[in-house]
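This report walks through a single protein chain. Have the sequence and the 3D view open before reading on.

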Amino acid sequence: MTFSEAEKAAITSIWAKVAGHADDIGAEALERLFLSFPQTKTYFSHFDLSSNSKDLRNHGGKVVKAIGNAAQHLGDIDHALSSLSDLHAQKLKVDPGNFRVNISQVIFLKHHYPLCDRVKLKIFIFLV
């Protein structure tokens, strides 16, 4: 996937704002994931899944930071996410279908950080 310089600047700007709130945004995104796809809770049976728990904040923060790392390496997103992908696919045996981002996650980000439609669509495609 290629991004124009304007899109790269917009993505970098968005992630600069998100980075300071990674744990909050990550916890809320996981809560939304569990509401939309309750079957994914089975992968987190050892977590406290209550709203804004330490477990959700820690794991959600890691996810958001990994996406932020990919946003800093837009020229090679696959490589930036490869260790995370390998861990989940090979070691943890997580069904790849669980990594499909539903539109509510993108709407959630749009609510906190308004984006132009073109960049929003590219980010959605990048995450899916």
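Where is the place of T40? T40 sits in the loop between α2 (22–36) and α3 (54–71).

## Basis of the model

This is a predicted model: local features need pLDDT of at least 70, side-chain atom pairs count only at pLDDT 80 or more, and totals for chains, interfaces and linings use all residues. Residues are numbered from 1 along each chain as its sequence is written, and side-chain values use heavy atoms, with hydrogens and water left out.

## Overall make-up

The chain has 6 helices and 0 strands. Helices (H or I, at least four residues) and strands (E, at least two) are DSSP runs, numbered from the N terminus. Read from that end, the order is α-α-α-α-α-α.

Of the 128 residues in the chain, 35% are buried. Buried means under 20% relative accessible area, exposed over 50%, and partly exposed in between (1.4 Å probe, protein chains only). Contact means heavy atoms within 4.5 Å. Among contacts with a separation of 6 or more, 69% join residues 24 or more positions apart.

T40 is buried, with a relative accessible area of 3%. Its side chain reaches the backbone oxygen of F37 at 2.7 Å. That is a polar contact (a pair of N or O atoms within 3.5 Å; within protein, one must be able to donate a hydrogen and the other to accept it, and residues adjacent in sequence count only if both atoms are side-chain atoms).

A16 lies in helix α1. A16 is exposed, at 57% relative accessible area.

## Nonpolar cores

A nonpolar core is a set of buried Ala, Val, Leu, Ile, Met, Phe, Trp, Tyr and Cys residues joined through side-chain atoms within 4.5 Å. The largest one has 14 residues; F3, I11, W15, V18, V64, L74 and I77 have the most contacts inside it. At least two residues of this core come from each of α1 (5–19), α2, α3 and α4 (77–91). A second, separate core of 7 residues includes L33, F34, F44 and F47.

## Packing of α1 and α3

The axes of α1 and α3 come within 10 Å and cross at roughly 150°. Axes are lines fitted to C-alpha atoms, for helices over the stretch in contact, and angles run from 0 to 180 degrees between N-to-C directions. α1 and α3 are therefore roughly antiparallel (over 145 degrees). I11, W15 and V18 of α1 make the contact with V64, I67, G68 and A71 of α3.

Definitions and conventions: Parallel < 35°, antiparallel > 145°, perpendicular 65-115°, else oblique.
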